[in-house]
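Hi everyone, thanks for coming along. I'd like to walk you through one model today, so please have a look at it before I start talking.

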Amino acid sequence: MVNLNDVQSAICDMVDIEKSIPQKIQNYPKDNEGTDYTIGDCIGDVLFFLRDLENKILEENKRDLENKILEGE
């Protein structure tokens, strides 16, 4: 299982990276192959993935806690 603390730390790191890269650079293409997809788009995708993963872990933890309560632990 993925550690929630690790995911949240990665989210903070990506937000710091996003904030530290000037918008002009974020608007550059991600590669030199003629793509319209930008560096900023890639950063946004990684953040979306990490936040989605964080939410899934939180939901799983919530279900586990609810089950333990129902089982009387």
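Let me begin with what I mean by a helix: helices are DSSP runs of H or I with at least four residues, strands are runs of E with at least two, and both are numbered from the N terminus. With that in hand, Asn 55 sits in helix α3.

A quick word on where this comes from. The model is predicted, so to speak: local features need pLDDT of at least 70, side-chain atom pairs count only at pLDDT 80 or more, and totals for chains, interfaces and linings use all residues. Residues are numbered from 1 along each chain as its sequence is written, and side-chain values use heavy atoms, with hydrogens and water left out.

Now the overall picture. The protein has 3 helices and 0 strands, and its elements read α-α-α from the N terminus. Its radius of gyration, taken over C-alpha atoms, is 18 Å, well over the 11 Å that the globule rule gives for 73 residues, so the protein is more spread out than a compact globule. That rule is 2.2 Å times the number of residues to the power 0.38. Along the principal axes, the C-alpha atoms fill a box of roughly 60 × 25 × 15 Å.

How much of the protein is buried? Buried residues are 19% of the 73, where buried means under 20% relative accessible area, exposed over 50%, and partly exposed in between, with a 1.4 Å probe and protein chains only. As for contacts, meaning heavy atoms within 4.5 Å, 60% of those with a separation of 6 or more join residues 24 or more positions apart.

Let's go back to helix α3. Asn 55 is partly exposed, at 44% relative accessible area. The C-alpha atoms of Asn 55 and Leu 4 are separated by 9.4 Å, although these residues are 51 apart along the chain. Glu 54 is in helix α3 too. Leaving aside residues up to four places away in sequence, Glu 54 touches Leu 4, Val 7, Gln 8 and Ile 11.

Here is something to look at on screen. Side chains of opposite charge can pair when their charged atoms come close. For a salt bridge, I need a side-chain nitrogen of Lys or Arg within 4 Å of a carboxyl oxygen of Asp or Glu. Glu 54 is buried yet has no salt bridge, and the nearest side chain of opposite charge, Arg 51, is 5.9 Å away. Lys and Arg count as positive here, Asp and Glu as negative, and His and the chain ends are not counted.

One pairs Lys 56 with Asp 52, with the closest N and O atoms 3.3 Å apart. Those two are 4 residues apart in helix α3 (residues 39-70), which puts about one helical turn between them. Lys 56 is exposed at 51%, while Asp 52 is partly exposed at 32%. The other joins the side chains of Lys 30 and Asp 31, again at 3.3 Å from N to O. Lys 30 is partly exposed, at 44%.

Last stop: Thr 35, in the loop between α2 (23-26) and α3. Thr 35 is partly exposed at 24%, and it touches Pro 29 and Lys 30, not counting residues up to four places away in sequence.
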